[in-house]
Amino acid sequence: MAHSSSPLSTRIAARLDAAIDPAVAAFAEKLARDAGAEAVLFYGSNLRTGSLDGVLDFYVLLPGEQREKIWPLVSYHEREHDGKVLRAKVATMALSTFAEAASGARADTTIWARFVQPCALVWHASEGARDRVIAAIGAAAITAARLAAALGPGTGTARDYWQALFRATYKAEFRVEKAGRENDILAVNEAHFDGLLPLALDAGGIAHSTDGERITPSLSAHERRRIIAWWNRRCRLGKPLNVLRLLKASTTFEGAARYAAWKVERHTGMPVEVTPFRERHPILAAPGVLWALRKHRRNKRS
């Protein structure tokens, strides 16, 4: 794990303090207060663009032990701001479990791969909580860099290694993104990844040499085999874990009916009334909504 005063941690702390729209910060604080959180992370395309449209993505990190065996708990929230409705998808889990997953100690393949990408710490309960988040994000970068070095070429540019990493992690998960998604991640987050790999390799104790833009990690055959074996175990569990999380979300996704109604109207123009029945039983209500949508599209064509 990166030391609190390491160049990697210094860089991460600066990135986590990125300027955030006050409306996003207020939303995060409300979520944190309601949940009794230690910290809230903001990530996703809205972080990059600064837009308040669409759905804001938050991770709410709680004190204490993990409450659910299958995490995170996903929920949907809405908040009024200047006459506009802000929408958010919120993942909630214990900070301790988040940190373990970021370090690669869990079977999970999502946390460290997600949070080696840009995020912002939009709320924290204390400086101690902030330090723990910085350490966890640093651990995510080290975990990702270690695997990138093992999966990538013997020598190459930082982009070559990040491409190898994200290509592997997307393949391991039950995802719907098109092929080549790893190139999109690197293209839109070029400034974030610029110079990150050498810092993460240094913090992870992985020797490497550089020649201009080219990096050559010094991994022994034994160390490479050990990292690949670590990855293969997680790779085998990636899709089953994703399916379990989807199944859990289908029954525990708080606000699922409102989220689905908004998505349907946004993409098709068909308003969907969120009735008490649909709020309580979104899965049972889905066939009726799909039937109405089919009629709506047929009427639009005629």
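A: Strands β3 and β4 (residues 84-94) pair in the antiparallel sense over 9 bridges, and H81 stands opposite K84 in β4. Here strands (E, at least two residues) and helices (H or I, at least four) are DSSP runs numbered from the N terminus, and two strands pair if DSSP finds at least two bridges between them. The model is predicted: local features need pLDDT of at least 70 and side-chain atom pairs count only at pLDDT 80 or more, while totals for chains, interfaces and linings use all residues. Residues are numbered from 1 along each chain as its sequence is written, and side-chain values use heavy atoms, with hydrogens and water left out.

The pair belongs to an open sheet of 5 strands in the order β3-β4-β2-β1-β5, with mixed pairing. Its edge strands are β3 (73-81) and β5 (119-124), each of which pairs on one side only. From one strand to the next the twist averages 30 degrees; axes are lines fitted to C-alpha atoms, for helices over the stretch in contact, and angles run from 0 to 180 degrees between N-to-C directions.

Helix α4 (residues 95-102) packs on this sheet and touches β1 (39-43), β2 (55-62) and β4, where contact means heavy atoms within 4.5 Å. The direction of α4 makes about 75 degrees with that of β4. Helix α6 lies across β1, β2 and β5, and runs at about 160 degrees to β5.

The largest nonpolar core has 57 residues, and those with the most contacts inside it are L41, Y59, F98, F115 and W162. Helix α6 (residues 127-151) gives the most to this core, with 14 residues. A nonpolar core is a set of buried Ala, Val, Leu, Ile, Met, Phe, Trp, Tyr and Cys residues joined through side-chain atoms within 4.5 Å; buried means under 20% relative accessible area, exposed over 50% and partly exposed in between (1.4 Å probe, protein chains only). A second, separate core of 21 residues includes V24, V40, L62 and A88. Leaving aside its neighbours within four places in sequence, W162 is in contact with V116, A144, A145, L186, F193, L196 and L197.

As for the cysteines, C119 is buried at 8% relative accessible area, whereas C235 is partly exposed at 29%. A search of the whole structure finds 0 disulfides, a disulfide being a pair of cysteine sulfur atoms within 2.5 Å.
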